[in-house]
Amino acid sequence: MANVVERPWGWFETLGAGDGYLVKRICIRAGERISLQRHRHRLEHWVVVSGCGQLHCDGEDLEARAGTTLLVPCGAIHRASAGAEDLVIVEVQRGTELREDDIERLEDDYQRISVQAAAVVS
């Protein structure tokens with residue numbers, strides 16, 4: 001797995017890409033969560049493949065377990081949190097710009113938040 005990218009909450013790897021789409025496998029370690037975030041240039045479709053936890057999208061919470069799906073529209077504020085076991089999600093991104101820097105972090109457990117984003121949440 002040479003293309004695995006480590007993050008403080010777990011890791012992700014790119015499974016495939018094409019014109020206007022990118023597919024990733026994301027593993028959020030037990031008890032961890034990704035930042036509360038949004039994207040300006042893409043939507044995401046999440047499919048939970050294993051584990052348990054919570055998915056949050058625009059004020060709604062959904063229990064995450066194998067088979068759970070969630071469509072995250074472009075601009076939606078969202079987050080995934082792992083429960084007692086690792087949460088593994090296959091994510092399909094669609095949009096015109098599919099880059100890692102299209103993440104606006106609004107809250108983050110690992111101090112990776114921008115001053116501009118903090119003002120939006122306050």
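## Cysteines

A disulfide is a pair of cysteine sulfur atoms within 2.5 Å. The model is predicted, so local features need pLDDT of at least 70 and side-chain atom pairs count only at pLDDT 80 or more, while totals for chains, interfaces and linings use all residues. Residues are numbered from 1 along each chain as its sequence is written, and side-chain values use heavy atoms, with hydrogens and water left out.

The structure holds zero disulfides. The closest cysteine sulfur to that of Cys74 is in Cys57, and because 11 Å lies between the two sulfurs, they are too far apart for a bond. Cys57 is buried, at a relative accessible area of 13%, and Cys74 is partly exposed, at 43%; buried means under 20% relative accessible area, exposed over 50%, and partly exposed in between, with a 1.4 Å probe and protein chains only.

## A charge over a ring

The charged end of Lys24 sits over the ring of Phe12, at 4.0 Å from the ring centre; the rule asks that NZ of Lys or CZ of Arg be within 6 Å of the ring centre and within 35 degrees of the ring normal.

## Positive phi values

Asp58, a residue other than glycine, has a positive phi near 45°, and its place is in the loop between strand E6 (52-57) and strand E7 (60-65). Helices (H or I, at least four residues) and strands (E, at least two) are DSSP runs, numbered from the N terminus.

Gln111, also not a glycine, has a positive phi near 55°. Gln111 lies in the loop between strand E11 (104-107) and helix H1 (115-121), and it counts as exposed at 66% relative accessibility.
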